[in-house]
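Hello,

Here is the structure I promised to pass on to you. Please have a look at it first, and then read my notes below.

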Amino acid sequence: MGILKKAGDAKGLLRIVLPLVLAAGPSMVWGDGAQVHHQKGDFLLSPKLTFQHYCAPCHGTAGRGDGRYYVTGLIPKPADLKSKGAEGGGPLWDDDYLFRWISQGSAAMGKSNLCPPWGRTLPERHIRGIILHLKTLAREKE
Amino acid sequence: MNGIRGPASLSEPGRFTREGHKPVSPCLCLAFALASALGVTDAWGGDSTSAAMLAAGKRTYQQRCVFCHGTDGRGDGPSARAMMPSPRNFVVAEYKIRSTPFGSLPTDDDLSQAIANGMPGTPMAGWESVLSRREILELVQYIKSFSNRFELEGQPDTLTIEERLAVTAAIRDEGEQLYREMRCFLCHGKEGRGDGPITATLRYEWGLPFRARNLTQSWTFIGGNSARDIYRTLSTGLNGTPMGSYADYLSEAERWSLAHFVASLSGDNARAFEVVIRSRPLQATLPERSDDARWEGAEAIEIPLGAQIVLGTPARWWQPTANSARVKSLYNRQEITFRIEWDDPTNRQDEIFRDQLVLKFPKAAAQSTDKPYFITEDETLETDTALEDAQSTDQRYFFTDVAAAPLSLWRWQGALVPEGETRATKNRGRAAWSNGRWSVVIKRPLPAADFSLASLAVWDGSNRERAGSMAVSSWYYVQLETPVPARVYIFVLLAILAIAGVQWGVIRKMRGKPLFGRLLLRRSGSLLGLLFALLLLPGAGRGETPPEGLHNPHDRLKRGPPLTNIVHKVGPQWLFSWLKDPRQHDPRAKMPNLELSAGEIEAVMAFLASIADQKSAESWPAYLLKTGNEMTDEEYAALDELLAAGRQVWSRARCTLCHAVTSPRGELVGGDVDLRVATDLSRVAGKVKRDWLYRWLEEPKNYFSATAMPRYRFNEAQRRALVEYILRDEAFMPEEDEEPPVEEPAFSSGATLVKKGKRLLELSRCVLCHEIRGIPDLITEKKEPPPQGAFPDLAFDIRCLSCHKIRGRGGEYAPELTFAGSKLKVDWIVDFLQAPDMIRPLSQQMPEFKLTLDEARNASRYIKTWLTNPDIPSGLLEGDGPAESLVATGRSLYRQKGCRVCHTLGKDGGALGPDLSEVGDRLEAGYIYSHLKNPQFIDPYTVEPNYGFSDAEALALTHFLAAQSKKNGGGKR
């Protein structure tokens, strides 16, 4: 096999393979530019919005326990997570404790049955994200 | 990369006639033998569409082309989904690169050149080295056989191109002027980077987004990049795209000037695609800004950026905006700085995801040839992190995996803010965006070694790029340049000469020997294709079509309303100020600023006035045409009554579900700001005309057939009251401090003005978004068959799919109905459709559309028949009904799990979930059971958490909930 021909074939092969592999390389499409829409599920990209979707109905958008969707006369009331976090949250308030709380629900932690378990609904990284967000909330000034 | 090679232009016939140099392969001999056996006498012409030729073409097609173009030639092969632009659909037979007039078919020659030379800037490769000329000619015939257009339309005239070679500065200047006059900048941008104001609104046939070419990247011009190729494109246009022909607007000489100007935009075409970023030493401080003159001294290299097709976070990404970045670097004793420039035609900072840049370096100098993985971070590398950014949980950008896996590369990361310091974690950066180009300067401490690695990743937020969806480069070397002694060059030169000499000798010896490589190549080509097919097939063919055509109001090629009768809708003053600058008028306007002068706007308005229909005026009681101050007391009282009635109609029809208005406190309320489903009505009182509004409310589709607005079936009194309310209530009034326009525009007339206006509308490509009488479409919309059947008719009339989604078609504003038949009970559907009731107290409710009993029954029949899910058990609890013992178990479970926190039952409960008091009347037991087992099984974003109920628990709860009905007292326990 001659070197020249071999080189030619390699080039030919590249001409077939490269466009396929790099089909999207110099690709020419984009989204809506002027009209970027929110799409369903975008909120899962950000812990803040994930919190707002799943937790804020009871705990409020700022985590102050002032959501407006829970039943009136609930005892205990949804926790004020912001103040709790700002005060340090007590000796148990660490990542693992929060993770267990959120994923197994309040009943499993020996508390009321009012905060549902999220472990089968949200993947671990989303729950970890929510925990990160709780810590940010605690640090944020009003 | 394939696109970088200077594409062969039509002016190079030599590229296509090198057949003589090629060894005649056994295959070809066989083909010849076969062809002669079948009676094709003249192999190179003659009966070109003979059956033998078609059969041979088909064989080649099935071997080479099906993977992208599909077996039926519809451009839907298994690998097509990863390609942009998508492979040509031969059935439609719209070909871009032709020597024939706009809208007509290409010649055989055009097609064979496209096959032979490929399409630079697209995934279409040139096949000249693989296929023989004969095979290509056969393919052309086969490809033509996909469409009967070739038989029906015959051979069109071809363009003869007489090259004007002499390019002078004056010609280029004339071209530059024409570029402005022909309004090229509207799509291609002021500096040609494809960033013009209307570029984001462009659509292909089938409504796919179409991006105006970045004219500074001539290697991506699909028809070739010589002035001659550009002249041809200007003259013939690109079929099926917004790029029409300019033959009617410009003389031949003018087209040449424009072509030479466009060719000059790319500057030096030979961009340096290298693997080493050479950093130049500087004695003084390093430049901070990207426009610093000292950058001139640095050497630029072009780094190609490719799609991230490896990781699924959030998805494999095939279509990034950025395709290459130009990098320069400088260093001094302490620091090194990089200037990274890439083209990004959009820079709208209201985009939901920010544009971002990451420049990565491994911490230590490479000890071996192993390089870290260039997409995710490798733990063996430096652990400087972006965690602080992550903790700020900025909703605009966030790396979902940061919390789970700490980053371990030294990385510069920043969300880009034009004209200012960027947010970087540790190192300084400065970014600027202008005319479609980001230019970012990043400074960091000098790397430990002279030779380091760097890689780039770029995100374009307006292309929904975030997290793992981005354009990436592989690793590039960074070399700190030091002066090189001259003898190094001499040794290298000698070595090259020696090697070249040896190679030359070997090549001489080997020439002319038979070659198995070619055969091998053929095999490997099809094998590879097969491999791709296997890889991609599972993704193909997803999504079903609805059983009967349901019209999707959100899926229309023309985004804007028709302009034919616009003068009946709005007054001249409004139209003038809108055309002047739509965003000034309404910051959320989708309409781009067309940069028209006052005189040009006058011409456009004159044209629009000239095409409108004659319409008779509606009759209104005289007092309604007065302002409030002019009315007598009785008239004012009557008006007051009318306004009250109008307000009631407005709120009962739930108009604010979709439309925003001004609240009494002066804020914008209603409508979904993000979804932007409907027009903002907060200033509509000063915009629309009374007669138009009255007719619009009667049947919106008469004015705008593709509107998402439902027909509300108001009676005449209701319409009149609503018109008055909209035209007179403060909720629809513009703010008072708005300056009245200085001039008083009016609709002028005059043949020359009308002609000028028409030309301006044509050149500004208004017809892409608006239907305009007298201006032909550039792109023919794929017409869907009109809805057939009682329910599709109804769904079209009241626009169910503006809010609801059925099988992937429609809005996301209301619950998805794809499986509503398995979910809802017949009687409930019939009742609800006639008089919608509250389901989720704090959410939006469906408006009443005054459906008749028959219509409601038709709809429920359709829903129960077609919108079902076989995974939901049907007929559960039918017959016996809920069993008492299980109801009791279910009741205690309901208490135990704390369901009342979110759901109301009877008088007690929260408002997040639906009211369950009569849920047994509404939901099928099978659905309740499936939902309890996995609340996310239909909608993955349902808030209700999965409690992990056992089958017995779920069944008990199902019995309990099924027992909650009106008959049983509506959940009274």
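First, the ground rules. This is a predicted model, in which local features need pLDDT of at least 70, side-chain atom pairs count only at pLDDT 80 or more, and totals for chains, interfaces and linings use all residues. Residues are numbered from 1 along each chain as its sequence is written, chains are lettered from A and ligands numbered from 1 in the order in which they are written, and side-chain values use heavy atoms, with hydrogens and water left out.

**Helices H4 and H5 of chain B**

Helices and strands here are DSSP runs (H or I, at least four residues, for helices; E, at least two, for strands), numbered from the N terminus. Helix H4 (residues 108-117) and helix H5 (residues 133-144) of chain B have axes that come within 9 Å and cross at roughly 115°. Those axes are lines fitted to C-alpha atoms, for helices over the stretch in contact, with angles running from 0 to 180 degrees between N-to-C directions.

Which residues in H4(B) meet H5(B)? On the H4(B) side they are B:Asp108, B:Leu111, B:Ser112, B:Ile115 and B:Ala116, and they meet B:Ile136, B:Leu137, B:Leu139, B:Val140, B:Gln141, B:Ile143 and B:Lys144 in H5(B). By class, this contact has 8 nonpolar, 2 polar and 2 charged residues. Nonpolar covers Ala, Val, Leu, Ile, Met, Phe, Trp, Tyr, Cys and Pro, charged covers Asp, Glu, Lys and Arg, and the others, Gly among them, are polar.

H4(B) is mostly covered, with 8 of its 10 residues buried. Buried means under 20% relative accessible area, exposed over 50%, and partly exposed in between (1.4 Å probe, protein chains only). The cover over the buried residues of H4(B) includes H5 and H6 of chain B, where contact means heavy atoms within 4.5 Å. After H4(B) comes B:Gly118, with a positive phi near 75°.

**Helix H17 of chain B**

How far apart are the end C-alpha atoms of helix H17 (residues 598-611) of chain B? They are 20 Å apart, which agrees with the 20 Å that its 14 residues should span at 1.5 Å a residue (the expected span is 1.5 Å times one less than the number of residues). The buried residues of H17(B) include B:Ile601, B:Val604, B:Phe607 and B:Leu608, and also B:Glu600. The buried residues pack against helix H14 (566-569), helix H15 (572-580) and helix H22 (751-763) of chain B.

**Aromatic rings**

Rings of Phe, Tyr and Trp (its six-membered ring) pair if their centres lie within 6.5 Å; planes under 30 degrees apart count as stacked, over 60 as edge-to-face and the rest as tilted. By this rule the count comes to 28 aromatic pairs over all chains. One of them is the tilted pair of B:Tyr61 and B:Phe146, at 5.3 Å centre to centre and 55° between the planes. This pair links distant parts of the chain, 85 residues apart: B:Tyr61 is in helix H2 (residues 51-64) of chain B, and B:Phe146 is in the loop between H5 and helix H6 (149-153) of chain B. B:Tyr61 counts as buried because its relative accessibility is 0%, and B:Phe146 counts as buried at 17%.

An edge-to-face pair is formed by B:Tyr725 and B:Phe732, at 5.4 Å centre to centre and 85° between the planes; both residues are buried. Ring pairs also link B:Tyr61, B:Phe90, B:Tyr95, B:Tyr142, B:Phe146 and B:Phe150 into a cluster.

**Backbone details**

In chain A, a cis peptide bond joins A:Ile75 and A:Pro76, with omega about -5°. A:Pro76 lies in the loop between helix H3 (56-59) and helix H4 (81-86) of chain A.

B:Arg799 is not a glycine, yet it has a positive phi of about 55°. B:Arg799 sits in the loop between helix H23 (790-797) and helix H24 (800-803) of chain B, and counts as buried at 3% relative accessibility. B:Lys850, also not a glycine, has a positive phi of about 55°, but counts as partly exposed at 35% relative accessibility.

Best wishes
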